[in-house]
Each structure stands twice: as C-alpha cells, then as structure tokens.
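User: I'm new to this one and would like a close look at a single part. Could you pick out the helices and walk me through them?

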Amino acid sequence: MNSLAENIEPLMAENCSVRRTVNIIGDGWSFMILRECYFGVRRFQDFQEILSIPRGTLTARLNTLVAENILKKTTSDPTKKRLEYRLTSQGIDLYKVMIALMSYGDKWIEASPKQPLKLKHKTCNHESHPFVGCPHCRQEITAAEVTYRNGPGFGHEPAYPGPKLRKSADPLFIEKRRPSSVARALRAIGDQWGFMVLREAFFKVRRFDQIQNKLGISPNTLANRLNHFLNEGMFQRVQYQSNPDRFEYRLTPKGRAIFSSFMAMLAWGDKWLSKDGPPIILNHEKCGHDFTPLVMCDFCKNEIHAKDMRYDTLYVDPKESVRHLDE
C-alpha cells in the first residue's frame, strides 16, 4: 500500500488526541526507532547498525522525536562527548500504547511466532496479557459500551501538518530483525490515512462519500484504504441500497478489536498533547462512569508501567541483552 505522500491542502478537523498521537508514532521509521529504545538502544550508530536506516533518515526522525519531547539527547561520557538518545517521561509513557498495539497483534494477526514476546508484570509476579480497561470497574472496554461528549479541549485544528506527510517504512521491514506484533498491527492499520478511516468507523461514519467529506481524502486514496481493510478482514462491505447498488463499510470483530489500541492512544494524547484538556469525555455505559482508559495487567488488574514489565523473547536474537526498560 502506498504511504501518505499525497500533496493535499491543510484540512481543518475536530481536535483529536488519537490523530495527534498517530502523527508521532504512525510513521514506520519512527516506530522502529522507538521500539529499539524500549529494548535499550541509545546511540546513533547502534540504531543505524540494527535497523539499516539511511543516515539522513535516521537523523531526521531522531530530531523529530527530540522536538516532540519523546527522546532527549544526553552524553554518557562528557570527556568523549558520546551522544545518546534516551526516552523522556513522555516517551516512556508511550510504552503503554505500544503494549496495546502488541496485544492486538498477538490476538488477531496470524504470523510466526504468534506471540514474539512473553511479558511478566513484576508488580504481581505473573505472566501478563495486558488489556485496555476502565479504571472504575477494571473491565476491558469495547466500542459498543463507550459513549462520548465534547470535552474542554473540543475545537478544530489542521488535520495533517504538511511536513509530516512523508514516506514511511514498510512495517514488514520492521520485522526484518525482530518479530513484532506491534509492527504487524501497524501493517494492518496501514498509515495515517488508515488510522483516520478506522477512527471514523468507530464514529459510525460508514459510507464512501461520508468518509471522503469528513476527512477531505481523495477518492483514489480512500478506495485504496478501504480495499486494504477489506483484504485484512477488518471491514465488511454491506449493501444498503439497490438501483443503484450502494454499499457501506462496517467493522468486523477484528476491526472492532483495534478500538482498545485507539483508546490507549487517546489517553496518551490527552495526557501529553492536549493543553486545553481532552477534546472528548468518555463514558463507560457498563458501569456508568466517565473514565480515562488504562492499560492494565490481566492478572492483577493494575495499570502497567514500563519499569514494571519484563519480557522473554520467543525468537532467537543473539544481539539482544536488555530485558527491561531502564528509566
């Protein structure tokens, strides 16, 4: 599938914490770099050796992640001026979004190995299969149980900042060294347009012309993304009119399951990127509470934090030595 490289005029859209988050992690190259950061990689030459990214591309992505306050530049040895890139608090918190995407990939995408990483939650000392849930009832959330209303951060902003519409890495390449359920989830979503088409599906925008008008997306680009989701088994095409035949695109169970990952992105974007407060307020109809989604351990039902997670790899990687995120 082609990446987001179309030349389009800036489009105003409702403020959206998911879109703001996607603008940072939706690019395959940036994801590759972040993933290695969570494995403990910090130096430019190590990123380049592991990922085989062109120097110019790596420099540009690192600079962007620093500008977005996801990474910070430090020196491990002032006498040698050896530069390192370390995760900020904001970058460490993004780990939860990665875990939500990983959980989706583990469950819904067929690949080998099925579950590349086995997680252990040090807080409860059990193997963990994290989920995105409501902090009040500690239950996993689904799209059918969540309603929303405008929040203090409601408003409008440019939908896609021009400089961010650049060529991305193919997520299949991301798996060249490390099998990754997150990479598989990103490949299923596709690109930034894919994220936004899926988001509209959760708001029950299902018809071609409605999606096009809402996003300002070109017909060819939209047709490409819809066909991709049909092939991935995330959408189904349902006829709603005859003479002429007209169809709408509805989420399948596999498509609906990505909702929890979107909620993790929303929570992160609300926390770090929404200066005026959350654009929308969520309500969990099942328990009746307004809530902020949490990524939780399925065993103890407590929120997970990067420093409390360890992992075992279920694949062979002779260069790998880090087993947890070092703050």
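Analyst: A residue counts as buried when its relative accessible area is under 20%. Keep that cut-off in mind, and remember that this is a predicted model.

Let's start with helix H6, which covers residues 95-108. From first C-alpha to last, H6 reaches 20 Å with its 14 residues, close to the 20 Å expected at 1.5 Å a residue. How many of the 14 residues in H6 are buried? Eleven of them are, so by the under-20% cut-off H6 is mostly covered. The buried set runs through Tyr95, Lys96, Val97, Met98, Ile99, Ala100, Leu101 and Met102, then takes in Tyr104, Gly105 and Asp106.

Now for a pair of helices. H1 (residues 17-25) and H13 (residues 259-273) have axes that come within 7 Å and cross at roughly 90°. The two are therefore roughly perpendicular to each other. On the H1 side, the residues in contact are Ser17, Val18, Arg20, Thr21, Val22 and Ile24. They meet Phe262, Met265, Leu266, Trp268, Gly269, Asp270 and Leu273 of H13. Sorted by class, this contact has eight nonpolar residues, three polar ones and two charged ones.

One last stop is helix H8, residues 181-189, where you'll find Arg184. Is Arg184 buried or exposed? Its relative accessible area is 6%, so Arg184 is buried. Arg184 and Glu110 are 74 residues apart in sequence, while their C-alpha atoms are 9.1 Å apart in space.

Terms used:
Residues are numbered from 1 along each chain as its sequence is written. This is a predicted model: local features need pLDDT of at least 70, side-chain atom pairs count only at pLDDT 80 or more; totals for chains, interfaces and linings use all residues. Side-chain values use heavy atoms; hydrogens and water are left out. Helices (H or I, at least four residues) and strands (E, at least two) are DSSP runs, numbered from the N terminus. The expected span of a helix is 1.5 Å times one less than its number of residues. Buried means under 20% relative accessible area, exposed over 50%, partly exposed in between (1.4 Å probe, protein chains only). Axes are lines fitted to C-alpha atoms, for helices over the stretch in contact, and angles run from 0 to 180 degrees between N-to-C directions. Angles under 35 degrees count as roughly parallel, over 145 as roughly antiparallel, 65 to 115 as roughly perpendicular and the rest as oblique. Contact means heavy atoms within 4.5 Å. Ala, Val, Leu, Ile, Met, Phe, Trp, Tyr, Cys and Pro count as nonpolar, Asp, Glu, Lys and Arg as charged, and the others, Gly among them, as polar.
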